[in-house]
Amino acid sequence: MSTGNDTFRSDQPKDDGYDLDRRLVASILFAVDRDDKDALTTLMEDLHAADIADLLEQINSYDRARLIRLYDREFDGEILSELDESIREEVIATLTPSVLADAVRELETDDVVDLLEDLEEPQQEAILEALEDSDRVAVEQSLSYPENSAGRLMQREVVMAPEHWNVGQAIDFMRDSEDLPEQFYHMVLVDPRLRPIGNVTLGRIMGTKREVPLTDLLEETFQVIPADQDEEDVAYAFNQYHLISAPVVDGDGRLAGVITIDDAMAVLDEEHEEDILRLAGVGDESSLADRVIETTKRRFPWLAVNLVTAVLASLVIAQFEATIAQFVALAVLMPIVASMGGNAGTQSLTVAVRAMATRDLTGSNVWRVIRREVLVGLVNGVIFAVVMGIVGVIWFGSPALGGVLAAAMVINLVVAGLAGTVIPVLLEKVGVDPALASGAFVTTVTDVVGFFAFLGLAAWVLL
């Protein structure tokens, strides 16, 4: 079997875009089975840390432990920061103390903080003990800030300069420094009290003559982030103002750290993922690596809520038993009305929740959005009412039944558009996460209204 780099280089195009090559995964597991460390190292040496993290997430626990033990001396700290939280603790427990120490020393302080947040106390202490004293102090200071705050998100390694420096002094300082961050985008200018006054990009520094003052090169867009600000607001600021990095200040306005775009976008991505999971009622921390019991516990409450809504809809149906008994066709057509309303409500709900997450839906435009969704529901309702009215006449030979079906379709799609927008707005007003709770309420409304409108109109028109 060939294990050369030319066969499976990570920078070569793959059939599935950037997914792991299945042949490579099979070869890696074969090397693990043979306990062939040289072959394993050769196969994995060109893989990015994110690809190795994906590999560890995709294989089972038994193979994961064997791979880590065989590969441990080559284990990179970046792999830990790329791992899904659900298996990170398991991987750390498998690493030997010396390998873990070497891995975490390679990380920036913000990545170490991210690791520690999801670990139990014994593993937290093991990682803290592996750090150099200065890094440990910086990490512990970051951990002193509230969870999900800018203070937890920032890295303590900052490249700063006094406001009176010129370009030449800045370049000489960076060339002489031995502890610059591996990646940074700005030099932060500070006043004598260490309060940030502006950012200067590295590109402008390198492209300007030495005698030019740094204050002449300040970026126009400059945002200062309070250390206690919620990370959601931080991510919004980066997205809204197209920031690359931003200084973080403590309660006295002094420079405490810096947040870079990769961390801010990671928060934004996590928020979007949480909203999708909550809309589906599977919890905001669900993962493919979760165990059966964990997954069951997360999904059970929302299935129970769905059962309650189904019972409510059944109670509405029960009020029209006599009508259904006389017109069996109603039982055939009922699911169509409810299903169309449910889908329309989910469409409006998804748009509304997404707009609220990105702060596009505000008090100034909420009524315009509600009117739009209601009108969309009305137009779609009329179109499908005509279609289903014709179907009702052809299928059951009853113009009256076709008319009832058409009217119920219009009513339910209009209500669906209204409910899908209004319910998440109202839930946010009372402090309930709209992504988490809106789906159950919207489903209840569309089912109850759909069945009531259809069966009520049938009882009134057909009897």
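Q: What counts as a pocket here, and what as a lining residue?
A: A pocket is an open set of grid points with protein on both sides within 12 Å along at least five of seven lines, and a lining residue has an atom within 4 Å of a point. The model in question is predicted.

Q: Ok, how many residues line the second largest pocket, and which lie nearest its centre?
A: The lining has 28 residues. Asp-135, Arg-156, Glu-157, Val-158 and Asp-179 lie nearest the centre of the second largest pocket.

Q: How much space is in there?
A: The second largest pocket holds about 630 Å³.

Q: Which elements give two or more residues to that lining?
A: Those are α8 (97-105), α9 (109-117), α11 (133-143) and β6 (255-260).

Q: And which one gives the largest share?
A: That is α11, with six residues of the lining.

Q: How does the lining divide into nonpolar, polar and charged?
A: There are 16 nonpolar residues, four polar and eight charged.

Q: Switching to the sheet of three strands. What's the order?
A: The order is β1-β2-β3, in an open sheet with mixed pairing.

Q: In which sense do β2 and β3 pair?
A: Antiparallel: β2 (residues 186-190) pairs with β3 over five bridges.

Q: What stands opposite Met-187?
A: Val-200 in β3 does.

Technical notes: Residues numbered from 1 in each chain as written. Predicted model: local features only at pLDDT ≥ 70, side-chain atom pairs only at ≥ 80, totals over all residues. Heavy atoms only, no water. Pairing = 2+ DSSP bridges. Helix = DSSP H or I, 4+ residues; strand = E, 2+ residues; numbered from the N terminus. 1 Å grid on protein atoms, 1.4 Å probe; cavity = no way out; pocket = protein on both sides within 12 Å on 5 of 7 lines; lining within 4 Å. Points joined across faces, edges and corners; volume = space filled by probe spheres on them. Nonpolar A, V, L, I, M, F, W, Y, C, P; charged D, E, K, R; others polar.
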